[in-house]
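Me: I have a model open and would like to learn how to read its features one at a time. Could you walk me through it?

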Amino acid sequence: MDLTQQTAARFAQAALGHVAREYPHKLDHVMDGDADVAPPRELHPCFFGSFDWHSCVHGWWTLLTLRRLFPDSDEARAIETLGRETFTTDKLAVELAYAQRPSSRGFERPYGWGWLLYLHHEAARHDEEWAPRLEPLARHFAQAFKDYLGVLTYPVFVGTHYNTAFALTLAREWAETRDPELVEAIDSWSAKAFGDRRDYCGWEPGGDEFLSPVLSASLLMRNVMSRVDFAHWFAGLVLDNRWLERLRPASVSDRSDGKIAHLDGLNLSRAWALRAILPALSHAEDRDLIDACATAHLEAALPHVTGDYMGEHWLASFALLALLEKP
């Protein structure tokens, strides 16, 4: 399943419609006093749209990625114009100052941090000033990751924004060419957190999850471990006990409910993880199983990326992750 120009235009139009849409909005905001009461556009002049900060960040990742892949489209020109209005030095200075507040220590940790680094990673592929302007904010969150891993004794193994492995997967890709200390911190911490895991029997899905805890950890470990070691580890985790054979796409009962709509994202993130893991495996029957499972999950969710704002303000990013991963 490939990303067509028609699908790309649909995703871009949706994201263009929400990254600068301020309301409705769900703030992650600790107030120290009356002076901290302010609307989203004042607190976050770059990332005030898309219902919440993290969705706006990865909405922008979606837009910049699509601009790079389809540079001659009408949507690419609109993205360029809006990007120049959004990623200014002054606006990003406000975002950085907010992140540096003592009360912001837990702000968007770790999901939004990972996506901000991934946005900067994508921005660096464009011939604009976006990446240099985003870099101070990215460096702030890179250091925050190092500090966080220094005190995080156990992984957060859930299927929502607090999931540790998902954020570290994004952060590690950013760090590979920019921050060897962060790569080392991620690899060392991940080996301790997940290296001895075996025989996964978790009950998936949870009712409002958009990540598979075990597949998110597997996606991270695919990058941390050698190919041979990963294949052995993954077999002991989910292949030998036949867990993957029982995996089916989640059913979504109400896409107007923001939490229930998370399950469309679960199908997409599972597809992404499975497609990314596939090249690391050599046994034909394992590869066939994983390919079929990824396809079923992708087909279940792709028709629902747009249509209701509760999913539309974020799902295109996960669809794009899955479609760009070539098994």
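Reply: Happy to; we will go through helix packing, an aromatic pair, pockets and backbone geometry. Keep in mind that this is a predicted model.

Me: Let's begin with packing. How do the axes of helix α5 and helix α7 cross?

Reply: In general, a pair of packed helices is described by the angle between their axes and the distance between those axes. Here, α5 covers residues 89-100 and α7 covers residues 130-151; their axes come within 8 Å and cross at roughly 10°. Angles under 35 degrees count as roughly parallel, so α5 is roughly parallel to α7.

Me: Which residues of α5 and α7 meet?

Reply: On the α5 side you will find Thr 89, Leu 92, Glu 95, Leu 96, Ala 99 and Gln 100. Their partners in α7 are Arg 133, Leu 134, Pro 136, Leu 137, His 140 and Phe 141. By class, this contact of α5 with α7 has 7 nonpolar, 3 polar and 2 charged residues.

Me: Now the rings. How many aromatic pairs does a search of the whole structure find?

Reply: The search finds 28 aromatic pairs. Take Trp 53 and Phe 141 as an example: their ring centres are 6.1 Å apart and the planes stand at 65°, so this pair is edge-to-face. The pair also links distant parts of the chain, with Trp 53 in helix α3 and Phe 141 in helix α7, 88 residues apart.

Me: On to pockets. What volume does the largest pocket have, and which residues lie nearest its centre?

Reply: Its volume is about 540 Å³. The lining of the largest pocket has 22 residues, and nearest the centre are Lys 26, Asp 52, His 54, His 161 and Lys 259. Sorted by class, that lining has 7 nonpolar, 8 polar and 7 charged residues.

Me: And what lines the second largest pocket?

Reply: This pocket has a volume of about 350 Å³. It is lined by 21 residues, with Tyr 118, Glu 173, Trp 272, Leu 321 and Glu 325 closest to its centre. Elements giving two or more residues to the lining include α3 (53-69), α6 (111-123) and α12 (262-277), while α8 gives the most, with 4 residues. The classes here are 9 nonpolar, 4 polar and 8 charged.

Me: Last, the backbone. Where should I look for a cis peptide bond, and which residue has a positive phi although it is not a glycine?

Reply: Most peptide bonds are trans, and most residues other than glycine have a negative phi. In this model, a cis bond joins Tyr 23 to Pro 24, with omega about 0°; Pro 24 sits in the loop between α1 (5-16) and α2 (40-43). Another cis bond joins Glu 204 to Pro 205, with omega about -5°, and Pro 205 is in the loop between α9 (180-194) and α10. As for phi, look at Phe 51, where the value is about 80°; Phe 51 lies in the loop between α2 and α3.

How values were computed
Residues numbered from 1 in each chain as written. Predicted model: local features only at pLDDT ≥ 70, side-chain atom pairs only at ≥ 80, totals over all residues. Heavy atoms only, no water. Axes fitted to C-alpha atoms, helices over the stretch in contact; angles between N-to-C directions. Parallel < 35°, antiparallel > 145°, perpendicular 65-115°, else oblique. Contact = heavy atoms within 4.5 Å. Nonpolar A, V, L, I, M, F, W, Y, C, P; charged D, E, K, R; others polar. 1 Å grid on protein atoms, 1.4 Å probe; cavity = no way out; pocket = protein on both sides within 12 Å on 5 of 7 lines; lining within 4 Å. Points joined across faces, edges and corners; volume = space filled by probe spheres on them. Phe/Tyr/Trp six-rings, centres within 6.5 Å; stacked < 30°, edge-to-face > 60°.
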